[in-house]
Amino acid sequence: MGELINARNLVKSFGETQAVRGVSLRVNAGEVVGFLGPNGAGKTTTMRMLTGFLDPTAGDIALNGLLLHEDPIRARQSFGYLPEGAPAYPDMTVREYLTFIARARGIPARRIAERLDAVVARIHLRGVVDQVIDTLSKGFKRRVGIAQAILHDPPILIMDEPTDGLDPNQKHEVRELIRAMGSTKAIVLSTHILEEVEAVCTRAIVIAAGRVVFDGTPADFERKAPDHVTRNRMDYAFRAMTAAASEVPL
Amino acid sequence: MSPWGTIFRREFTGYFATPLAAVFLVVFLFLAGIFTFSMGGLFERGQADLRSFFQFVPWLFLFLAPALSMRLWAEERRLGTIEILTTLPIPLSHAVVGKFLAAWLFSLVALALTLPLWLTVAWLGDPDQGAIVAGYIASAMVSGIFLGIGGCVSAATKNQVIAFVVTVVLCFLALLTGFPLVLDFFRGWLPQGAVDAIAGVSVMTHFTSLMRGVVEFRDVVYFASAIYGLLLATNLMIDWRKGA
């Protein structure tokens, strides 16, 4: 499979402000990339460009070998996307919602039930599958968002803060799931939790003020902290990297 | 099922997921009854036709179509599901058409529930059936245009109330430009050609012409191209505003 995501020099401007200023990203199958950065650094904007929700002002994106702007429909088949806040239609039951997504993704009717069963079992949604989404707890809503993203078993997964707002048990569960899927897929996830990077990611990318300021393994990341720091080394490294970048004149 | 069919189905059943559908239909039928019998004077006129109903249809839809369309895109934007919808492997045009058709079909269901009016006049007298069919076609077209306007406005905002109000205003303008009073106002200072053009784009002009029972080619072209243009505009609006 090899390289699944290849984004080159992504730039995104909103009017006068440049949210993303030349981010490049290559992710292979078997990699779980943790996307880090302060709020407003351009994480969500970058992920929105990777999924084609936003068109980049400059740069191009190839997903599974297909250029997103040239062949958007086929390129979109190759990924699953969990947007920020895990949105879903509140008036539908989990089953109705996932069936809708499966149909929209063109999964053949005879295979929908089977895919649904597999995903529901994997994400532990069995107990709530006939419940209206509006009545679900935050943890279950997040899981519905993840279920929606992996329904078609895509080679690429893009997840914006998949564990945000979950309790420690739920976080652990979602991380286990990501780790398990990470062996065959290319996964990009954004997070604010630095331990999460250590726990599930094979690679960390830090962006600050719209630029990549670090790209390496979690171990390299930690080494960015000076030797005399013994506790919270990742926090220290994160602050050192992002503070420097944010001081670059805008 | 084709992508637009999937969207259409979700959207159409979505109307029935809340009491909104029932409320809408009851209000529509209630007002239709009042307009036809009290204000339109169906019995007093002593004629077996539905003119007294059809002449009020644009005013009914003026408020009811925006109520159906306000949710279409504003809700997707408010919930954030627009991020999922627009990154699914389906063309945006399918989503636009699917949603529009769902709202349109719903308004046609409301219209279909007025069929007892037709049965009544058919029982009371010998109405011009062709004129009634043309009246229903004209009504369906007006609701199509209003829903087209509403869909486009809904794509521009996250707020359903704003979508509703702006749509009512725009639909009102689209109706108003066909009235002699308004046209006379323009006639004072615009050349005749421009006045004709204003009357030409008015929903009311084409509605009345269809309602007379003559299905003219230019009216059909008007309604078809207006709806097509509005769907196109909705598509562009979503592309332009989805990240905002």
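Across the interface of domain 1 and domain 2 of chain A, the rule finds four residue pairs in polar contact, both residues at pLDDT 80 or more. A polar contact is a pair of N or O atoms within 3.5 Å; within protein, one must be able to donate a hydrogen and the other to accept it, and residues adjacent in sequence count only if both atoms are side-chain atoms.

Some housekeeping: this is a predicted model, where local features need pLDDT of at least 70, side-chain atom pairs count only at pLDDT 80 or more, and totals for chains, interfaces and linings use all residues. Residues are numbered from 1 along each chain as its sequence is written, chains are lettered from A and ligands numbered from 1 in the order in which they are written, and side-chain values use heavy atoms, without hydrogens and water.

The assignment for chain A, automatic or from a database, gives domain 1 as 3–78 + 155–246 and domain 2 as 87–153. About 1,200 Å² is buried between these two domains of chain A, 56% of it on carbon and sulfur atoms; that is accessible area (1.4 Å probe) lost on putting the two parts together, summed over both.

The same interface has two salt bridges by the rule, meaning a side-chain nitrogen of Lys or Arg within 4 Å of a carboxyl oxygen of Asp or Glu.

Now the sheet. Six strands of chain A form an open, mixed sheet, ordered S6-S7-S8-S3-S9-S10. Strands are DSSP runs (E, at least two residues; helices are H or I, at least four), numbered from the N terminus, and two strands pair if DSSP finds at least two bridges between them. The edges are S6 (79–82) and S10 (211–216) of chain A, each pairing on one side only. Strands S3 (32–36) and S8 (186–190) of chain A pair in the parallel sense over four bridges, with Val33(A) opposite Val188(A).
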